[in-house]
Amino acid sequence: MKPLLKSAITLAFFSIFLIVLSTPPAFSQKNQIDRINLNWNMYKKLNNSNLPFIAYTAHRTLHQYRATQKGSQLSLVFNVAVSLDGQQSTVDLRRLATLAEEGKKNLLNHEQGHSDLAVIYGRILYKALTKKVYTVKNYQKEVKKIYEDTLKELAEINARYDMETMHGEEQEPQDKWDLYFKKELKLK
């Protein structure tokens with residue numbers, strides 16, 4: 001083999017080696033779940049409801065994935081989305097009208113906290129899904145378990161949030177939770 005051809009082949013193999021090393025791994029993913037900034041127009045309006053609270057905020061946390069198998073290797077690419085469930089999120093206009101402007105503002109802020117929790121746990125779900133190592137045999141079961149466990153934790157923390165803040169009526173614990181939301185969502 002001529003020295004020039006040998007050098008070109010060596011350089012080509014070395015270049016391919018560098019490209020392979022610099023390529024991000026198949027599991028490297030990014031999923032942006034942004035804060036949902038609430039306002040009363042996003043809620044289904046009710047009059048004279050029998051619900052125990054003036055407002056109720058509900059979300060949908062959806063996940064999907066694409067599985068690719070090459071030999072014994074399994075690669076999953078995830079997408080997680082959190083959205084306000086406009087049909088389940090309700091406000092009783094008659095009871096809302098009984099609040100002063102400050103009360104309406106505080107109630108919306110409290111409901112914003114429920115929305116922030118949904119976003120935070122959507123991010124937690126995404127991280128949990130992407131850090132797990134899956135096999136061809138277990139991936140569907142594992143994805144389902146992570147999803148269900150994360151939503152269970154979200155339900156528990158929502159209940160704790162309501163209990164500690166007395167559904168937003170206790171300002172001091174609400175302020176502490178607001179700081180938590182700000183930190184977790186990296187808000188200014």
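Tutor: What follows looks at one helix, then at its partners, then at the rest of the chain. The model is predicted: local features need pLDDT of at least 70, side-chain atom pairs count only at pLDDT 80 or more, and totals for chains, interfaces and linings use all residues. Residues are numbered from 1 along each chain as its sequence is written, and side-chain values use heavy atoms, with hydrogens and water left out.

Helices are DSSP runs of H or I, at least four residues long; strands are runs of E, at least two long; both are numbered from the N terminus. H5 has 15 residues. From first C-alpha to last, H5 reaches 21 Å, close to the 21 Å expected at 1.5 Å a residue. That expected span is 1.5 Å times one less than the number of residues.

Now its two sides. Gln174, Trp177, Phe181 and Leu185 are the buried residues of H5. Buried means under 20% relative accessible area, exposed over 50%, and partly exposed in between, with a 1.4 Å probe and protein chains only. Viewed down the axis of H5, these buried residues fall within an arc of 65 degrees, so they line one face of the helix. The arc is taken over the directions from the helix axis to the C-beta atoms. On the face turned away from the buried side, H5 carries exposed Glu172, Lys176, Leu179 and Lys183.

What does the buried side of H5 meet? Its buried residues pack against H3 and H4. Contact means heavy atoms within 4.5 Å. Lysine 186 follows H5, with a positive phi near 55 degrees.

H4 is the next stop. Just after H4, methionine 166 takes a positive phi of about 55 degrees.

S3 (residues 59-70) and S4 (residues 73-84) run antiparallel, joined by 12 bridges. Strands pair if DSSP finds at least two bridges between them. Within this pair, glutamine 64 stands opposite asparagine 79 in S4. Two residues lie between the strands of the hairpin, and glycine 71 there has a positive phi near 65 degrees.

Another sheet lies elsewhere in the chain. It is open, has three strands in the order S1-S5-S2, and shows mixed pairing. S1 (44-46) and S2 (55-56) stand at the edges with a single partner strand each, so one side of each lacks a neighbour in the sheet. S2 and S5 (residues 90-92) pair antiparallel over two bridges. Alanine 55 stands opposite valine 91 in S5.

Last, the whole chain. It holds five helices and five strands, in the pattern α-β-β-β-β-β-α-α-α-α along the sequence. Buried residues make up 34% of the 188 residues. Of the contacts between residues at least 6 apart in sequence, 74% join residues at least 24 apart.
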